[in-house]
Amino acid sequence: MKIAFVINQTHKEEASFTTTLLAFRALQRGHDICYIGLADFVYLEEERVAAHARSVAPSPDIKDTKQLLDILRSTAKLRIEMDHIDVMWLRFDPVLDMIGRPWAATMGLQFAQLAQKQNVLVINNPHALIDAENKLYLENFPEEVRPKTMVTRSYEDVLQFFEEQDQHIILKPLKGSGGKNVFMVNKNEVKNLKQIVEVICRDGYLIAQEYLPEAQKGDIRFFPAGWRTCSC
């Protein structure tokens with residue numbers, strides 16, 4: 001098979017990234033791989049999609065993920081039509097482009113939708129990723145499994161929610177990852193509440209949630225594949 005990995009930008013990939021390991025294992029199993037950056041897609045006509053991709057074929061000379069990245073970065077891009085791709089794996093992080101290239105993630109998902117129409121197996125489903133592009137998606141879950149939540153850009157709204165939740169809440173960007181700009185605010189930090197709200201809202205909406213003491217014990221994450229839980 002030929003497996004395409006859609007990433008933010010090739011030069012930002014690292015040998016320790018999960019994507020690099022997945023690509024390396026695919027090569028070891030005899031599959032061709034290619035990397036497609038979010039700026040590399042081409043729409044041709046009649047819902048046909050191509051991409052300027054860096055391709056690598058299986059080789060015994062590729063001993064580890066570092067060598068794989070070195071080869072990828074030195075390989076010239078060639079235009080490949082989706083007819084030559086069997087699997088497209090969406091491995092980009094929208095947050096990385098949220099400031100510098102705010103168009104990138106949206107376009108990547110739209111091109112992936114078009115690739116599906118050309119019978120390319122796309123992992124993960126771009127339609128589902130669009131539905132879940134930020135944390136407001138969690139409000140579709142049953143009330144029993146999610147904390148009390150407010151989404152706003154208003155300091156007054158946050159202050160009211162803070163009082164309603166016994167002066168102990170979590171604040172974070174509605175769209176974000178990696179723990180950036182996540183704050184726990186209690187009565188001892190209320191003097192900084194307005195400044196925290198301003199910092200988070202520079203990049204859009206914030207989400208305020210009730211504090212759950214059980215969170216100190218850690219969380220459990222489920223990864224479903226084909227409606228089956230493969231790990232947690």
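I started with Lys194: its charged end sits over the ring of Tyr155, 5.7 Å from the ring centre. (A charge sits over a ring if NZ of Lys or CZ of Arg is within 6 Å of the ring centre and within 35 degrees of the ring normal.)

A note on what I'm reading: this is a predicted model, where local features need pLDDT of at least 70, side-chain atom pairs count only at pLDDT 80 or more, and totals for chains, interfaces and linings use all residues. Residues are numbered from 1 along each chain as its sequence is written, and side-chain values use heavy atoms, with hydrogens and water left out.

Next I looked up aromatic pairs, meaning rings of Phe, Tyr and Trp (its six-membered ring) with centres within 6.5 Å; planes under 30 degrees apart are stacked, over 60 edge-to-face, the rest tilted. I got 4 pairs. Phe5 and Trp89 are stacked, 5.9 Å centre to centre with 20 degrees between the planes. This pair links distant parts of the chain, 84 residues apart: Phe5 is in strand E1 and Trp89 in strand E6. (Strands, E, at least two residues, and helices, H or I, at least four, are DSSP runs numbered from the N terminus.)

Is Phe5 buried or exposed? Phe5 has 1% relative accessibility, so I count it as buried; Trp89, at 25%, is partly exposed. (Buried is under 20% relative accessible area, exposed over 50%, partly exposed in between, with a 1.4 Å probe and protein chains only.) Phe5 and Trp89 also form one aromatic cluster with Tyr35.

Last, helix H5: I found Val158, Phe161 and Phe162 buried there. They fall within an arc of 105 degrees (directions from the helix axis to the C-beta atoms), so they line one face of the helix.
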